[in-house]
Amino acid sequence: MGALSYILIAVALLAGAGVGIVVGNLYRKKVAEAEIGSAEQEAKRIVADAMKTAEAKKKEAILEGKDEVHRLRTESEKELSDRRKEVQRQERRIQQKEETLDRKIDNVEKKEDRVSKKIKEAEERLAEVETIKKSQFEMLERISGYTVDQAKAYLLDELEKDLSHEKSLKIMEYEQQLKDESDKRARNIISLAIQRCAADQVAEATVSVVPLPNDEMKGRIIGREGRNIRAIETLTGVDLIIDDTPEAITLSSFEPVRREIARISLEKLISDGRIHPARVEEMVEKARREVEASIKQAGERAVLDAGVNGLHPELVKILGRLKYRTSYGQNVLNHSLEVCYIAGMIASELGIDPTVAKRAGLLHDIGKALDHEIEGSHVEIGVDVARKYKESDAVIHAIQAHHGDVEAKTIVACIVQAADAISAARPGARRENLENYIKRLQKLEEIASSFKGVDTSFAIQAGREIRVMVKPEQVKDDSMASLARDICKKIEEDLEYPGQIKVNIIRESRAFDYAK
């Protein structure tokens, strides 16, 4: 075959390929058009189904909405009906109340009318009575010869005499009745409290005596040119009295804690034997620490013995200082413990919780521990200290009232007053100097003699009783009780004393003549 044949074959192949390509494109186009038509039909079918479903759901939603609206309308109508019934019921009640109120108003108006008529009638009768009374007074004035004022004054005088007699008799009767009952109860309570409390008392004063091994020690204590004794007095604030008393030195100070520090320091110096200013300073410092420790221990022991809990630590220290404080020779710490015990027992006997009473009894004289350092009475100082350390109002009031500076307004305050008087007034508890004792007796007699109708008066039994002799022509039997009460009141106002004072009024009539 030649080249032409190959060319014809190539052209034929190319023409067949082109025809094949055209035929293939036509076939693919026909197939695609068929698929597009089926897709459009499927889409139309899906849309139709969706429309049917949506229509069904729409109808269903409309039905549900209608049902809900019907239900809500039914509930609203029911609620409205209930409210309408409630309103009607309230209206009926209000109407009934209005009717009742109208009836009451009518009744009140009728009563007011009746009362007005009665008042008018009473006024008319009163005017008539006044007229009759006036005419009777005029008649009585003519008959008696007294004016109204004169007759009134005469009647009041007679009435006052009768009432004075009756009053005195009633006072004597009530006083005796109350005295019998209260004495019996008080004796029972106080005797039980005293029987259950036994305390040893140590008589202390403002001086302490330090024994010496020999009289040569006095010279060593004085030192060269008195330097040792000056050092002791300067460091302790205590006066050393070195006199002719054999083998003894007296320490004098009104401050008991300083006196105790000086006593311990001097005893240490004597036992050590080395006495010079540097050694004195060292021993005084040691003694001061010992006394502070002793004060703390004494306060803690007192709180433990009293059974009082929750005291502030500083208050315990101040309480311990009472170990070195005395009052009329009575140790104040022992006295405070005794008052604490007695107050607790009295409170228990009266059916009261003894905790507050014991606490107030233990702290009632706390101010005496600081009265050498702070201005004011021990009551004022004690109240300030108790208030500073957050004590209760009941305890503060008992401290404030235990000497009668203020009126006792609580049972605890009265109990502490009684316990303090019991502890201080029992024989041997306290002592006072002769001069003050005599002045108190004289003042007691002066108070009793100052009353009208008193002839003489005598203070007996160490001032615990005063016998008043009255003039029988001036003081009658029925006025003796009033006079005794007035004298007691005057003594309570003007005199300070421990315990109680009995006022005994004596009226005696005598008649005498001479046989010749």
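Which residue follows H4, and is its phi positive or negative? I checked, and it is glycine 237, with a positive phi near 70°. A reminder to myself before going on: this is a predicted model.

**Entry 1: helix H4**

I stayed with H4, which spans residues 227–236, and looked for its buried positions. Asn228, Ile229, Ala231, Ile232 and Thr236 are the buried ones. I then looked down the axis of H4 and found these buried residues within an arc of 160°, so they line one face of the helix. Next I asked what covers them. The cover includes helix H3 (216–222), strand S2 (239–241), helix H5 (256–272) and helix H6 (277–306).

**Entry 2**

S2 and S3 are antiparallel and share 3 bridges. Leucine 240 sits opposite leucine 251 of S3. Between the two strands of this hairpin there are 6 residues, and I noted that glutamate 247 has a positive phi near 55°. I also checked burial in S3 (residues 248–252): 4 of its 5 residues are buried, so the strand is largely enclosed by the rest of the structure.

**Entry 3: helices H10 and H11**

I wanted two numbers here, because two packed helices are described by the angle between their axes and the distance between the axes. For H10 (residues 378–388) and H11 (residues 393–401), the axes come within 8 Å and cross at roughly 170°. The two helices are therefore roughly antiparallel to each other. On the H10 side I listed Val379, Gly382, Val383, Ala386 and Arg387, which meet Ile396, Ile399 and Gln400 of H11. Sorted by class, this contact has 5 nonpolar, 2 polar and 1 charged residues.

**Entry 4: the sheet S6-S7-S8**

My last stop was an open sheet of 3 strands, ordered S6-S7-S8, with mixed pairing. S6 (454–460) and S8 (502–507) stand at the edges with a single partner strand each, so one side of each has no neighbour in the sheet. From one strand to the next, the twist averages 20°. S6 and S7 (residues 465–470) run antiparallel, joined by 6 bridges.

Conventions:
Residues are numbered from 1 along each chain as its sequence is written. This is a predicted model: local features need pLDDT of at least 70, side-chain atom pairs count only at pLDDT 80 or more; totals for chains, interfaces and linings use all residues. Side-chain values use heavy atoms; hydrogens and water are left out. Two strands pair if DSSP finds at least two bridges between them. Axes are lines fitted to C-alpha atoms, for helices over the stretch in contact, and angles run from 0 to 180 degrees between N-to-C directions. Buried means under 20% relative accessible area, exposed over 50%, partly exposed in between (1.4 Å probe, protein chains only). The arc is that of the directions from the helix axis to the C-beta atoms. Contact means heavy atoms within 4.5 Å. Angles under 35 degrees count as roughly parallel, over 145 as roughly antiparallel, 65 to 115 as roughly perpendicular and the rest as oblique. Ala, Val, Leu, Ile, Met, Phe, Trp, Tyr, Cys and Pro count as nonpolar, Asp, Glu, Lys and Arg as charged, and the others, Gly among them, as polar.
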